[in-house]
Amino acid sequence: MNQLFRRKHYSETEQPSGLRRVLGVWDIVFFGIAAIIGAGSFSSLGEAVFRGGPGVIVLYLICGFACGFTALCYAEFASRIPQAGSAYTYAYASFGELIAWVIGWALIMEYSFGNIYVAFSWSDYFTSFMERIGIHIPDYLSCSYTEAKKAFFGSSGNKELINAWSSAPVIGNLKIIFDLPALVINGLITWLCYVGVKESKNFNNIFVLLKLFIILLVIAVGIGYINTGNWFPTSSVTGEASFMPNGFTGVMSAVSGVFFAYIGFDALSVLSEETKDPQKNLPRGMLISLVLCTAIYIVLTLVLTGMVDYRKFDGIGDPLAFIFESSNANVPWMEFVVALAAIIAITTVLLVFQMGQPRIWYAMSRDGLMPKKFMEIHPKHKTPSFATIITGIVVGLPILFTDKSFILDFTSIGTIFAFVLVCGGVLLLPAKQKRKGRFHMPYINSKFIFPVLFLGGLAFFYFWQPTFFQQLMDWSDPAEKEFRISILVYIILNLILCVMAFAKNLSLIPLIGLTSCLYLLTGMSHDNWFWFLLWFAIGMIIYFSYGFKNSKLNNELNGDLN
């Protein structure tokens, strides 16, 4: 049993590797902006505005706050372990081999499967942009087979998907429907990651500068069309003018979706071995990018909700272009500019995550948990070449037979689960000596603060929403059963954390990050847990059939015994 939780000890000094160190702190900031500002601001922002109204900016503050604590935990690990691998590497050092494998396997859900969703989103914007310049891509070449089939037989109102199924060419009994733009961009991004991180860095920095310029242009132009009355619409709860027209419950209803827009920062920690002075530059780059992106989200939300009544954003997938349509501000040239910006934004997201996955496999292969082929470094480009090609295949094949909604649900739980283990892992780390120029997470004793914060918050919500707590043990309602059980488990886990904080003087910062991420897991449905556990079971089969026996730690242990 102890062998399953054997830990790998990493030196805080830099170990030589075949990867090239070329990234500085502002390169990390640019990669962070590229990962975070993308699908979240250009598509899912519309749904968040519709649910929460102008008050959704509070949601971005809350999620930015929660991610800030998680980012500090990533930064603390990154300052100690200058190795590629992200949460996988960190879990290996704190929890041991089995949990490290689970995290590495979960990260495949985040990076590879998450990039499938981003590729689909890129295709939607690209197709829309091409329509604006007079080039039509057939509907059956711009959506997935699964989406078209569901729309046709489910009596969907989406005319493009229904037309894709109706007009698609047929070979035998099979309709030829696939998302060609998504496949092409996946191939191009895979090639870019293959030829080298320096080329990727230059490409990324140019695109991020252009993207930021266009976002600032949207804000500058939009300010002139703001009607401040839109910030205080009539509340559906009280009937009075309110910054939160659907109440705080409405704002919080989109919390997991908005949090997903922040996950880009954790992809940065996989670049440790290609970062100059990673203990110093990586934490700074992560935190700077997080602060900048939170500010951008808040300003964009204020512009959107000031220009257009929040109720108009129902079902809007391109909110930044929507505000300039003829029915709103009526600025046609800005519609064109925003469509182009969305393509750039989502391209940079694809780049960061497509770079992340091969380096996870590289780290796992180096530890003997994956075949040695995955740690093969290209002699010229100095990149994990084989792992990069496999990542392109893993992302490309599902594009042919899956759809956006399934992929998005599948990736969320793995991402948040990784965040939970990273925050928990920091609590297990021993104290380290402060060194000049290196990041050092401040220690705040949670002995009294955390129990007071949690129990005080629990008492506040009890008096604010007494009905909810009175019905917490009533599991007869199928619509509320899952959430009530999840909240009960969440309360029990936090009571345990309160006791541990008091008894062991745990650090407050990772505790707050841990409890924030645990709360997000309460929003996962039984379907999310089913697919996560199925993926987990497949991973366990691979680990025990290959990884456990070929682990470097296992070989070292057997060598010592011999």
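View 1. Thr515 sits in helix H20, residues 508-521 (helices are DSSP runs of H or I with at least four residues, numbered from the N terminus). This is a predicted model, in which local features need pLDDT of at least 70 and side-chain atom pairs count only at pLDDT 80 or more, while totals for chains, interfaces and linings use all residues. Residues are numbered from 1 along each chain as its sequence is written, and side-chain values use heavy atoms, leaving out hydrogens and water. With a relative accessible area of 11%, Thr515 is buried (under 20%, 1.4 Å probe, protein chains only). Leaving aside neighbours within four places in sequence, Thr515 is in contact with Phe450, Tyr490 and Asn494 (heavy atoms within 4.5 Å).

**View 2. The side chains of Thr515 and Asn494.** These two side chains make a polar contact at 2.5 Å (a pair of N or O atoms within 3.5 Å, where one must be able to donate a hydrogen and the other to accept it).

**View 3. Helix H16 beside H20.** H16 and H20 pack at an angle of about 155 degrees with their axes 8 Å apart (axes are lines fitted to C-alpha atoms over the stretch in contact, and angles run from 0 to 180 degrees between N-to-C directions). The two helices are therefore roughly antiparallel (angles over 145 degrees).

**View 4. Residues where H16 and H20 meet.** Among the H16 residues here are Ile413, Phe417 and Val420, and the H20 side includes Leu511, Leu514 and Leu518.

Technical notes
Buried < 20%, exposed > 50% of the residue type's maximum accessible area, 1.4 Å probe, protein only. Parallel < 35°, antiparallel > 145°, perpendicular 65-115°, else oblique.
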